[in-house]
Each structure stands twice: as C-alpha cells, then as structure tokens.
Amino acid sequence: MKRLEEVAPAHAVEPLARILGLQSVDPTASTTVRDPAEAVGRHVADSLSALPLPAVRGARRIADLGSGAGWPGLALAAALPDAHVWLVESAIRHCRYLERAVEISELTNVSVVHARIEEWSGEHDLVTARALAALPVLVEYAAPLLELDGHFVAWKGAVSEEEAAAGALAADIVGLELVERVAVAPYAGARDLALHVFRKIAVTPDRFPRRAGMATKRPLA
Ligand SMILES: C[S@@+](CC[C@H](N)C(=O)[O-])C[C@H]1O[C@@H](n2cnc3c(N)ncnc32)[C@H](O)[C@@H]1O
C-alpha cells in the first residue's frame, strides 16, 4: 500500500492525514473504507488520479456533486490551493461530517453546500462526481453548473456500452461532449476505473435543471 506522501503533493499531506484520521473514527463518514492506509489508495489516490488532466490542474471553481464522505472534492481542495471547491450534498448527516472534515483539515478553500444538485446554481470551470449516478444522469446534473468550455469529470467503474451510448446522447442534449476516457489504476487491484472527461461546447437549454428527481426518474436517454 502506498503512503500519503507518495500519492499527494507535499502541501496536501497534512490536511489529508487529518481527514483520514477523522474518517477512521467518525461513524457518520459515508464510506466503508475507514482504515487510513487503505483509504490512501481507495480515496486519495483515486481522487488525485485526475490531477494530470490540465482541466483539473488549472481549475479555479470546482463543484463536487454528491460528495458523501468528500471524495474527490476534499482531495482536490487540498491539492489545488488556488481553487475553491464546493461540496454539494443533499443528506444533512453527510454535510455535518463534511463540515467537521473541513474544520479539522484547516482547509480554507472548501464550502459545504447542503442542497440537491438540481436545486443549486453557480458557474464553475470544473464539475466532478464519483459514485453518484449513471452517465446520462451525471451529464444532466453537471451541465447547468458549468461555464462554456468548462469540464465535467466523472469517476466511473466499468461502464456498459449501453450506458456510454446513453451518456453521449444525454450529453449532446445538455451541451456537453465527451473529450476523452482515461483509464486509471490508482491502487493495487483497481479494475476498470476510468475518468470520463466532458467539455461544455454549447449553452445548456433553459429547461435544465429539471425538477429535483426527474433526471433519475426519467433519464434523458
Ligand atoms: C455513493 S455516495 C458517493 C460519495 C462520494 N462521491 C464518494 O465517491 O465516496 C453518493 C452521495 O450523493 C448524494 N446524492 C445523491 N443524489 C444527490 C442529489 N440529487 N443532490 C445532492 N446529493 C446527492 C448522496 O446523499 C450520497 O452521499
């Protein structure tokens, strides 16, 4: 297993170590991976596998959707001190945990947002999501929150051809296009993980975001 120092930039090590410490003892942390040594790979390295992407490294306003225990948003905030990260989470219990994690980390570039994604607004140059929903739902969530030319990165496990095709159709409807799919292997034994990178190429139609719940109830494709 890798150490934090091997997967995170030097300035991010201390804040991330504090967060991993909290996550290992706080029962409200929304994860099954509590052992800090294992979490280095499963959460931190996985989150930071996107850092080589220029759209991520250069981002300044990042919205992390469905943050749960805070991954990838907290790791990106620690690694990118010039960026501000909004952690958007609808479950109040998870938001309270996230607030504790932000406080203990002493990161000053993170805000916890207690809201449903579809009911929140803002213009970002990067939107991220991990373990949240199928691609057609994700692109519908992300598009209204992006400025033109902004990017959406989805951390995904294996994606069926059907989901990929539906994701491309939905992306077209909301003004996004798939730029690349980057296979990643952030920890030993990682399988079928990839970053799906979309760019906003057209204005998202006014009818988005749809009413809360519609994206999952009646997906665009
Ligand atoms: C499976 S967890 C993933 C958490 C984290 N991104 C990770 O990879 O560890 C998904 C989270 O998204 C939140 N969520 C689901 N739908 C949401 C919505 N429409 N708006 C805001 N949060 C949502 C859930 O409450 C949950 O905490």
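**Entry 1. Helices H2 and H6**

I began with the packing of H2 against helix H6 (residues 92–105), where the angle is about 140° and the axes are 8 Å apart. The model I examined is predicted; local features need pLDDT of at least 70, side-chain atom pairs count only at pLDDT 80 or more, and totals for chains, interfaces and linings use all residues. Residues are numbered from 1 along each chain as its sequence is written. Helices (H or I, at least four residues) and strands (E, at least two) are DSSP runs, numbered from the N terminus. Axes are lines fitted to C-alpha atoms, for helices over the stretch in contact, and angles run from 0 to 180 degrees between N-to-C directions.

I noted that H2 and H6 are therefore oblique to each other. Angles under 35 degrees count as roughly parallel, over 145 as roughly antiparallel, 65 to 115 as roughly perpendicular and the rest as oblique. The crossing of H2 and H6 is right-handed; a crossing is right-handed if the near helix is turned clockwise from the far one by less than a right angle, and left-handed if anticlockwise.

I then listed the contact: Pro15, Arg18, Ile19 and Leu22 of H2 meet Arg100, Ala101, Ile104 and Ser105 of H6. Two residues are in contact if their C-beta atoms, placed from the backbone, lie within 7 Å. By class, the contact of H2 with H6 has five nonpolar, one polar and two charged residues. Here Ala, Val, Leu, Ile, Met, Phe, Trp, Tyr, Cys and Pro count as nonpolar, Asp, Glu, Lys and Arg as charged, and the others, Gly among them, as polar.

**Entry 2. Helices H2 and H3**

I next followed helix H2 (residues 10–25) to helix H3 (residues 36–48); their axes come within 10 Å and cross at roughly 115°. H2 and H3 are therefore roughly perpendicular to each other, and their crossing is right-handed. From H2, the contact uses Leu16, Leu20, Gly21, Gln23 and Ser24, and from H3 it uses Pro36, Ala39 and Val44. I classed the residues of this contact as five nonpolar, three polar and no charged.

I also looked up burial in H3: its buried residues are Ala39, Val40, His43, Val44, Ala45, Asp46, Ser47 and Leu48. A residue is buried if 20 or more other C-beta atoms lie within 10 Å of its own, exposed if 12 or fewer, and partly exposed in between, with C-beta atoms placed from the backbone. The buried residues of H3 pack against helix H1 (4–7), H2, helix H5 (73–79) and strand S5 (146–156).

**Entry 3. Helices H7 and H8**

I found that the axes of helix H7 (residues 135–142) and helix H8 (residues 161–174) come within 7 Å and cross at roughly 20°. That makes H7 roughly parallel to H8, with a right-handed crossing. On the H7 side, Leu135, Pro136, Val139 and Glu140 meet Glu163, Ala164, Ala166, Gly167, Ala170, Ala171 and Val174 of H8. The residues of this contact divide into eight nonpolar, one polar and two charged. Eight of the eight residues of H7 are buried, so H7 is largely enclosed by the rest of the structure.

**Entry 4. The loop between S7 and H9**

I located Thr204 in the loop between strand S7 (193–200) and helix H9 (214–217). Thr204 is buried, with 20 other C-beta atoms within 10 Å. Leaving aside neighbours within four places in sequence, Thr204 is in contact with Ala143, Pro144, Val174 and Gly175.

Phe208 lies in the loop between S7 and H9 and is partly exposed, with 17 other C-beta atoms within 10 Å. Not counting residues up to four places away in sequence, I recorded that Phe208 touches Glu140, Ala143, Pro144 and Val174. The peptide bond from Phe208 to Pro209 is cis, with omega near -5°.

**Entry 5. Backbone details**

I noted that the peptide bond from Trp71 to Pro72 is cis, with omega near 10°. Pro72 is placed in the loop between strand S1 (61–65) and H5.

I checked two non-glycine residues for phi. Glu106, in the loop between H6 and strand S3 (110–114), has phi near 65°, a positive value. Glu106 counts as exposed, with 9 C-beta neighbours inside 10 Å. Asp149, in strand S5, has a positive phi of about 80°. Asp149 counts as exposed, with 10 C-beta neighbours inside 10 Å.
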